[in-house]
Amino acid sequence: MRQMKRRMRVRAKETGSFWLSFSDMMSVLVLVFIFVIFSMMLSLAEQTERLKKTEDQYTQAMIRMQQSEKELSEKEQILILQSEKLSELTEEMNRQAALLDEKEAELEKTLDENRVIILDLEQRLKDEMSENENLTTRIMMLEGNKQAQQDEIDRLLIDIENQKKELDALGVDYSNLLSYANQTLSALEQTQDQLASANNRLTDAQNQLNSQSHALNQYESELKRQQTLIEQMVGVKAQIIEALSRELKKNNISVTVDAQTGAITLPSEMLFAVGANTLSAQGEMYLDRFLPVYLNVLLSDEFNPFIAEIIIEGHTDSSGKAGYDAYLYNMQLSQQRALSVTNYVLRRDYMTYNLNLTNDEQTLLRTLVTASGRSFSALIYNSDGTENKTASRRVEIKFRLKDDQTIDATEAILNELNH
């Protein structure tokens, strides 16, 4: 049995070797084909994964590009608004420069008028001195005449005495001659009284001249002092404006200091919501950056002796509210906004911890700060003459020096001298 099977295997081996080789070859080809297909599937899966990642990256890139385009559009709008504000600020600066030129022209006119008054007073002084010299000459002449008359009286008295003796010797009554001599003496006494009166008038004129000369010297000194103070005030204002601009720029606070008045404009939308009078969180954050820098300059030892007032002004556009008088409604709104900023800065804890002010500095600040509402009495216009509502809604912070009192004092002196 075993031998049979062995023989069958040998026979099968001899007759089926070709098919066995062909089968092996086909198996290998199938395996290669399966391997190729599997490799292609793996490659396709990898390419599909990469394609998906590429699509995700493309989608994200498109989203970022859209966001960038949106941000770019917003920045373009902001740039346009800032350009408009810059143009408006430039116009306002030119207007303030014109006002300053007018004020300087008025001051120069006042100084010219003062010079004319001084020249007139000097001319009057010269005329009075000339008149006094004439009076002195006349008095000297009168005194010379008085001496001559006195000599004549003495000579007459001697002659009368001699005549009396002669008449006594001749036995003649000389009562008529004595009466004539008394009349002559009375006339001489009247002349002496006139001389004394002239002396008194001369003394009075001299005293009046001295008084006027003293008053003129005082006026000239006061005028020079007032002129020096005015020039000093103008110089101090320029120094304060320069210091404010420098410190605000140094602290990266993007506001513009008016080159003529020193006023600083804060846009209302930065501090308040539309129609609201309560400071927004953004507004408080902005004031926390702005106020310490601003007040550090004004309250410094260099400038605070010249500061008379710090003014917080609220302004609105001309839009009203149904059922209300537009001007009065905006007057109340502007006053409430100015008061909100004032209340924020004058709180004890804020002045102590945010502004780092001493008690004396806090007391000084409370005496300097005032708040006022202007409604829409000072609107800002576009170049085409239309109202710029965004720019008109604002809060302005200004300072006033003590030069107003100086100018008033100068005018009072001029009025007193003119009267």
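Where does Val30 lie?

Author: Val30 lies in helix 1. Helices here are DSSP runs of H or I with at least four residues, strands are runs of E with at least two, and both are numbered from the N terminus. The model is a predicted one, in which local features need pLDDT of at least 70 and side-chain atom pairs count only at pLDDT 80 or more, while totals for chains, interfaces and linings use all residues. Residues are numbered from 1 along each chain as its sequence is written, and side-chain values use heavy atoms, with hydrogens and water left out.

Val30 has a relative accessible area of 42% and is therefore partly exposed. That class falls between buried, under 20% relative accessible area, and exposed, over 50%, with a 1.4 Å probe and protein chains only. Val30 belongs to a nonpolar surface patch, together with Val28, Leu31, Val32, Phe33, Ile34, Phe35, Val36, Ile37, Met40 and Met41. Together these residues have about 1100 Å² of accessible area. Such areas come from the Shrake-Rupley method with a 1.4 Å probe, and for residues only the protein chains shown count as cover. A patch is made of residues with over 30% relative accessible area and no salt bridge; like charges are joined within 9 Å, and nonpolar side chains (Val, Leu, Ile, Met, Phe, Trp, Tyr) within 5 Å.

Helix 1, spanning residues 2-170, also holds Asp101. With Glu102, Glu104 and Glu106, Asp101 gathers in a patch of negative charge on the surface. In this count Asp and Glu are negative, Lys and Arg are positive, and His and the chain ends are left out. The place of a charge is taken as CG of Asp, CD of Glu, NZ of Lys or CZ of Arg. Asp101 counts as partly exposed because its relative accessibility is 48%.

The wider setting is as follows. The protein has 9 helices and 4 strands, and its elements run α-α-β-α-α-β-α-α-α-β-α-β-α from the N terminus on. Of its 419 residues, 26% are buried. The protein exposes about 28400 Å², with carbon and sulfur atoms supplying 55% of it. A contact means heavy atoms within 4.5 Å. Among contacts between residues at least 6 apart in sequence, 76% join residues at least 24 apart.

Side chains of opposite charge can pair when their charged atoms come close. The criterion for a salt bridge is a side-chain nitrogen of Lys or Arg within 4 Å of a carboxyl oxygen of Asp or Glu, and the count by this rule comes to 9. Arg400 and Glu309 meet in one of them, at 3.1 Å from N to O. This pair joins distant parts of the chain, since Arg400 is in strand 4 (residues 394-401) and Glu309 is in strand 2 (residues 307-315), 91 residues apart. Arg400 is partly exposed, given its relative accessible area of 27%, whereas Glu309, at 18%, counts as buried.

Glu313 and Lys398 form another salt bridge, with their closest N and O atoms 3.1 Å apart. Here too distant parts of the chain are linked, Glu313 being in strand 2 and Lys398 in strand 4, 85 residues apart. Glu313 is buried because its relative accessibility is 8%, while Lys398 is partly exposed at 23%. Both residues belong to a network of salt bridges that also includes Arg374, Arg394 and Glu396.

A further salt bridge joins the side chains of Arg393 and Asp317, at 2.6 Å from N to O. Its partners sit in loops: Arg393 between helix 8 and strand 4, and Asp317 between strand 2 and helix 5 (326-345), 76 residues apart. Asp317 counts as buried at 7% relative accessibility, and Arg393 as partly exposed at 23%.

Helix 8, residues 389-392, holds Ala391, which counts as buried because its relative accessibility is 13%. Not counting residues up to four places away in sequence, Ala391 touches Glu88 and Ile380. The C-alpha atoms of Ala391 and Leu266 are separated by 9.5 Å, although the two residues are 125 apart along the chain.

Two loop residues complete the account. Asn252 is found between helix 2 (175-250) and strand 1 (264-267), with a positive phi near 60 degrees in a residue other than glycine; at 64% relative accessibility, Asn252 counts as exposed. Asn356 sits between helix 6 (348-354) and helix 7 (359-368). Its phi is likewise positive, near 55 degrees, and Asn356 is exposed, with a relative accessible area of 58%.
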